[in-house]
Structure formats: C-alpha cells, structure tokens
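Visitor: I would like to learn how to read a structure like this one. Please take the features one at a time, with the general idea before the case.

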Amino acid sequence: MMSPLSDLLNLDLTDTKKIIAEYIWIGGSGMDIRSKARTLPGPVSDPTKLPKWNYDGSSTDQAAGDDSEVILYPQAIFKDPFRKGNHILVMCDAYTPAGDPIPTNNRNKAVKIFDHPDVKAEEPWFGIEQEYTLLKKDVKWPLGWPLGGFPGPQGPYYCAVGADKAFGRDIVDAHYKACLYAGLSIGGANAEVMPGQWEFQISPTVGVGAGDQLWIARYVLERITEISGVIVSYDPKPIEGDWNGAAAHTNFSTKSMRKDGGLDLIKEAIKKLEVKHKQHIAAYGEGNERRLTGKHETADINKFSWGVADRGASVRVGRDTEREGKGYFEDRRPSSNMDPYLVTSMIAETTILG
C-alpha cells in the first residue's frame with residue numbers, strides 16, 4: 001500500500017547524513033521570491049562553506065536568453081521549518097559569471113554602505129513592521145470579506161479576536177512559530193486596521209541582517225500561504241477607498257542615538273531625511289503614492305513631516321524616546337512592498353554619512 005503524502009514529507013533523513021539546502025533569491029521584479037533546492041553531503045552552518053550555484057536569469061527577467069547564467073552567492077543560513085532536521089534555508093544574492101553584482105542586487109549595494117567604518121562604528125539597528133493582506137486565491141479578494149462585497153467599516157478589526165473580525169489567524173500563528181524555529185528575530189504579530197490585513201515585526205537587527213531576516217520571513221509566509229491555498233499581497237493599497245493601506249514602517253537607531261542626549265542626534269537625522277525626502281520616496285516601494293495620501297494614518301507623499309507619537313507624520317518619534325532623551329525613530333514612509341536592503345542602507349547613508 002502506498003504511503004500517504006504526509007508520511008513521505010515527514011521522512012527522517014538522519015541516517016542518510018545528507019541535508020537539503022533551499023537557495024532563496026529575489027527575481028527581476030524586486031518582489032518575486034525564487035528558490036530551488038540542492039542536496040549537500042552534511043550539515044553546514046557557515047554560508048562561506050556553501051557552494052555557489054547558478055540559475056536561468058532569462059526566466060526571472062535578470063539576463064538575456066543568449067547569456068542567461070546568473071550566479072548565486074550564499075550569504076545567510078537559517079533553519080528550514082518545513083523540512084526540519086539539519087535542513088536549511090539559504091539567503092543568496094546574484095552576480096554575473098564574471099563576479100559583478102547584477103543590477104537588481106540591492107544587497108550588495110547595502111553591504112557597501114554598512115561596511116563603511118563610520119556606519120559600522122554606529123551599529124545601526126533596524127526594526128521592520130511588515131504589513132500584508134491575505135487574499136482568497138481564485139478571486140483575489142481579502143480573506144473574510146463577502147464575495148464581491150465589503151465588510152463593515154474599519155474600527156473593530158485592529159488587534160481583534162473573533163470569527164467576524166479576525167481572518168487568517170492560523171496562517172499568522174503558523175508563520176510566527178516557523179520564523180522563531182528558523183532563528184529569525186521575529187518580535188511579534190497582530191491583526192491590522194483593515195480586515196484580512198496583518199503585520200509581523202522583525203526585532204532590531206544590525207545592518208544588512210535586517211534585510212536578510214525580512215526576506216526570509218517573507219519567503220516563509222509565501223510558503224505557508226501556498227500550503228493554505230491563500231495569496232499574500234504586499235500591495236501598499238490593495239483596496240481603494242476608505243481602507244488602510246499596507247506599510248513596512250522602519251524603526252532606526254544608532255549607538256549615539258541610544259545614549260544619553262541621543263534625542264538631539266535623532267532630530268539632526270530627521271532634518272537630513274527631510275532634505276532627501278524625494279530620493280527616499282523614489283526608493284520606498286512601488287505604488288506608494290496610492291497609500292501616502294495624508295489619510296488613514298499616513299503623511300502626504302509630497303510633504304515631509306515629523307512629530308512625537310504622530311502616526312500621520314512621515315517620521316514618528318515615540319513618547320518613550322522623548323521622555324528619556326534617547327532611543328529610536330520610526331520612518332513611516334516605506335510601503336509594504338519595499339526592498340529592505342534599499343530602505344535600511346539608504347536611511348543609514350543619509351543619517352550617518354550625510
């Protein structure tokens with residue numbers, strides 16, 4: 001009699017001594033996560049000990065058909081919550097066969113900024129709040145919404161409980177636990193203002209690691225929604241009208257900001273961000289103009305503003321930071337579909353390197 005699929009999926013491969021490494025990278029659109037698996041002779045915990053690999057860049061819009069080879073460089077390793085055991089997820093970035101980063105390799109650009117001695121000395125911390133919307137697969141309409149219709153207005157859904165208010169919690173909880181298993185610094189999760197919309201947070205992580213962690217957390221979420229037959233959308237305004245959009249608010253601090261008197265440095269950093277507002281907006285995600293309207297807890301995309309505890313500002317400083325005279329600030333402009341490598345390195349470059 002044939003084994004049920006679940007039995008085969010749960011086969012213990014310990015006796016084979018072999019492990020499966022899932023190589024993960026970002027495709028040509030900047031938001032399409034790709035991956036493929038390979039067998040390795042035994043456990044690996046250091047990404048520099050992993051072999052480089054290649055893929056067909058013409059199929060991901062990252063190379064021409066007559067010269068389609070793109071090379072994957074393993075950069076960070078996480079435990080695989082799907083295969084468990086010693087199997088791993090590997091965050092990679094992409095290069096030409098000659099060893100040059102391909103144009104869409106934002107990780108490589110970020111590393112150059114984070115490796116700058118002035119940036120390194122400041123130990124930049126980033127905490128990212130990733131919002132997303134769960135959609136029904138065949139109709140691409142939010143989970144829990146009546147088909148072709150609308151639920152009651154916003155208000156009861158934020159951090160809510162109950163079958164008529166919270167939709168998709170099993171996916172959210174599975175994702176939370178899978179991220180912890182993988183070794184990610186996931187700080188929490190909650191239902192958002194629009195029904196069917198949720199958020200998870202990556203706790204403060206140094207430098208390029210914040211980008212690695214967010215991309216792996218997104219990959220894990222894509223896999224869980226795939227299993228569940230649900231679509232995850234990172235569209236910054238999935239439903240037009242009187243509904244909140246989806247963001248990736250980015251919290252930031254430096255070593256100096258975290259010390260006594262750091263609030264003055266936070267204010268200086270905010271002034272630098274104001275000067276470069278247009279450049280940041282251009283890199284903060286596609287379709288962001290549909291979200292940053294000055295309504296629904298957003299600032300207007302064309303005007304830079306900041307305030308203490310103000311969720312309608314471009315940049316928010318927390319009450320705790322104001323009271324203690326040190327801490328962090330929150331850049332509320334990045335959209336849910338932003339590239340964390342771009343956003344984190346840009347914030348560091350503008351505020352530390354000027």
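Guide: Start with burial: a residue is buried under 20% relative accessible area, exposed over 50%, and partly exposed in between, using a 1.4 Å probe and protein chains only. Elements are DSSP runs numbered from the N terminus, with helices (H or I) of at least four residues and strands (E) of at least two. This is a predicted model, in which local features need pLDDT of at least 70 and side-chain atom pairs count only at pLDDT 80 or more, while totals for chains, interfaces and linings use all residues. Residues are numbered from 1 along each chain as its sequence is written, and side-chain values use heavy atoms, leaving out hydrogens and water.

Visitor: Which side chains of E3 point to one face and are buried, and which point to the other?

Guide: Trp53 and Tyr55 share one face and are buried.

Visitor: How do I read the pairing of E3 with E4?

Guide: Two strands pair if DSSP finds at least two bridges between them. Strand E4 (residues 69–79) is joined to E3 by four bridges, and the two run antiparallel. Across this pairing, Glu69 in E4 stands opposite Asp56.

Visitor: Which strands pair with E1, and in what sense?

Guide: Strand E2 (residues 33–40) runs antiparallel to E1, with eight bridges between them. Ile24 has Ser35 as its bridge partner in E2. The hairpin of E1 and E2 has six residues between the strands, and Gly30 there takes a positive phi near 90°. Strand E5 (residues 88–95) pairs with E1 in the parallel sense, over four bridges. In E5, Leu89 is the bridge partner of Glu22.

Visitor: How many residues of E1 are buried?

Guide: Seven of the eight residues of E1 are buried, so the strand is mostly covered.

Visitor: What does the record say about residues 19–99?

Guide: UniProt positions are given in the numbering used here, feature names are shortened, and annotations may be inferred rather than shown by experiment. The unreviewed UniProt entry annotates residues 19–99 as "domain: GS beta-grasp". In the model, that span is 0% helix and 48% strand, and its end C-alpha atoms lie 27 Å apart.

Visitor: How is a pair of aromatic rings described?

Guide: By the distance of the centres and the angle of the planes. Rings of Phe, Tyr and Trp (its six-membered ring) pair if their centres lie within 6.5 Å; planes under 30 degrees apart count as stacked, over 60 as edge-to-face and the rest as tilted. The whole structure has 12 aromatic pairs. One of them is Tyr23 with Trp53, edge-to-face at 5.1 Å centre to centre and 80° between the planes. Tyr23 lies in strand E1 (residues 19–26) and Trp53 in strand E3 (residues 53–56), so this pair ties together parts 30 residues apart in sequence. Tyr23 is buried at 0% relative accessible area, and Trp53 is buried at 19%.

Visitor: Why does the pair of Phe150 and Trp243 count as stacked?

Guide: Because the planes are at 10°, with the ring centres 6.3 Å apart. Phe150 is in the loop between strand E6 (125–136) and helix H4 (169–182), and Trp243 is in the loop between strand E9 (230–233) and strand E10 (248–253), 93 residues apart. Trp243 is buried, at 8% relative accessibility. Elsewhere, Phe114, Phe126, Phe252 and Phe329 form one aromatic cluster.

Visitor: Which charged ends sit over a ring?

Guide: A charge sits over a ring if NZ of Lys or CZ of Arg is within 6 Å of the ring centre and within 35 degrees of the ring normal. The charged end of Lys36 sits over the ring of Trp53, 4.2 Å from its centre. Lys52 has its charged end over the ring of Tyr73, also 4.2 Å from the centre.

Visitor: How many disulfides does the structure hold?

Guide: A disulfide is a pair of cysteine sulfur atoms within 2.5 Å, and the structure holds zero. The closest cysteine sulfur to that of Cys92 is in Cys179, 18 Å away, which is too far for a bond. Cys159 is in no disulfide either, and its nearest cysteine sulfur, that of Cys179, is 18 Å away. Cys92 is buried at 3% relative accessibility, whereas Cys159 is partly exposed at 45%.

Visitor: What is Ser335 in contact with?

Guide: Contact means heavy atoms within 4.5 Å. Leaving aside neighbours within four places in sequence, the contacts of Ser335 include Pro236, Tyr284, Glu286 and Arg291. Ser335 is in the loop between strand E13 (329–331) and helix H9 (340–353), and is buried at 0% relative accessible area.
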